[in-house]
Amino acid sequence: MSVGQKIELFDGSNHTFSAEITEATKKSVFVHIESSTLDDRESPLDIHLGQVMSRGEKMEFTIQKSVELGVNTITPLLSERCGVRLDGERLEKKLQQWQKIAIAACEQCGRNRIPEIRPVQSLEAWCAENDGAFKINLHPRASHSVNTLPADLKHVRLLIGPEGGLSTEEIAMTANYQFTDILLGPRVLRTETTALTAITALQVRLGDLG
């Protein structure tokens, strides 16, 4: 970055700002804001993704691509078959890293509102929350599909399980909390593929893709 360079900024408020760099050092950049514009690029469908944490870079990939596809909120979850165990300082660093990934994904795809990465929750605690959203769980033997969902949905909670899936007890628990089982298709997908496929299908059916 150099003095005189024109740049575009965003602050998470659904506005973009045209600016010119007036001073640049190794640690800071000063700009002059020339104009601001309300530029709403959000989907009409609000998606809250509950993703059981996956190993290695899979979770980072899921967060990055989910943000690009328009997810509004992401909550990392713990379940019986979750292979990730983080606590204390390591967990806090992970949450900060995931939020930075979400911000970078917004920069890449042109979103002006930054999705929230919520603190880690247990699967049951997240399922028990009631914010008026339509709750969706993916199940290989479900009788419903995305195409059979009500066409007027504006807010959904999407649950994505771990590698190996949810246990029988956990599936029963989601039913107790009024989750609707959805079938994506005839093939078994990895957890990160499942999340992105489901989000895309929901955005095509109810949001702003397609």
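**Notes on a two-domain model**

1. Let's start with the overall layout. The protein chain falls into two parts, domain 1 (5-38) and domain 2 (46-206), with bounds that come from an automatic or database domain assignment. This is a predicted model, in which local features need pLDDT of at least 70 and side-chain atom pairs count only at pLDDT 80 or more, while totals for chains, interfaces and linings use all residues. Residues are numbered from 1 along each chain as its sequence is written, and side-chain values use heavy atoms, with hydrogens and water left out.

2. How do the domains meet? Their centres, taken over C-alpha atoms, are 33 Å apart. Six residues of domain 1 are in contact with seven residues of domain 2, where contact means heavy atoms within 4.5 Å. About 520 Å² is buried between domain 1 and domain 2, and carbon and sulfur atoms give 57% of that area. Buried area here is the accessible area (1.4 Å probe) that two parts lose on being put together, summed over both.

3. What holds for polar links across this interface? Between domain 1 and domain 2 there are zero salt bridges; a salt bridge is a side-chain nitrogen of Lys or Arg within 4 Å of a carboxyl oxygen of Asp or Glu. On the side of domain 1 that touches domain 2, one residue is nonpolar, five are polar and none is charged. For this sorting, Ala, Val, Leu, Ile, Met, Phe, Trp, Tyr, Cys and Pro count as nonpolar, Asp, Glu, Lys and Arg as charged, and the others, Gly among them, as polar.

4. Next, have a look at H139. You will find H139 in the loop between β8 (134-138) and β9 (155-160); helices (H or I, at least four residues) and strands (E, at least two) are DSSP runs, numbered from the N terminus. H139 counts as buried because its relative accessibility is 12%, and buried means under 20% relative accessible area, exposed over 50%, partly exposed in between (1.4 Å probe, protein chains only). The side chain of H139 reaches the backbone nitrogen of R141 at 3.0 Å. Leaving aside residues up to four places away in sequence, H139 touches I171, D181, I182 and L183.

5. Now for the salt bridges: the whole structure has ten. One of them joins K65 and E68, with the closest N and O atoms 3.6 Å apart. Both residues lie in helix α1 (residues 58-68), three residues apart, about one turn of the helix. K65 is partly exposed at 24%, and E68 is partly exposed at 28%.

6. Helix α2 (residues 88-109) holds K93 and E89, four residues apart, about one turn of the helix. Their side chains meet in a salt bridge (3.3 Å, N to O). K93 is exposed, at 52%, and E89 counts as exposed, at 59%.

7. Where do the partners D131 and R157 lie? They form a salt bridge, with the closest N and O atoms 3.3 Å apart. The pair links distant parts of the chain, 26 residues apart: D131 is in the loop between α3 (123-128) and β8, and R157 is in strand β9. D131 is partly exposed at 36%, whereas R157 counts as buried at 2%. A network of salt bridges links R118, E129, D131 and R157.

How values were computed:
A polar contact is a pair of N or O atoms within 3.5 Å; within protein, one must be able to donate a hydrogen and the other to accept it, and residues adjacent in sequence count only if both atoms are side-chain atoms.
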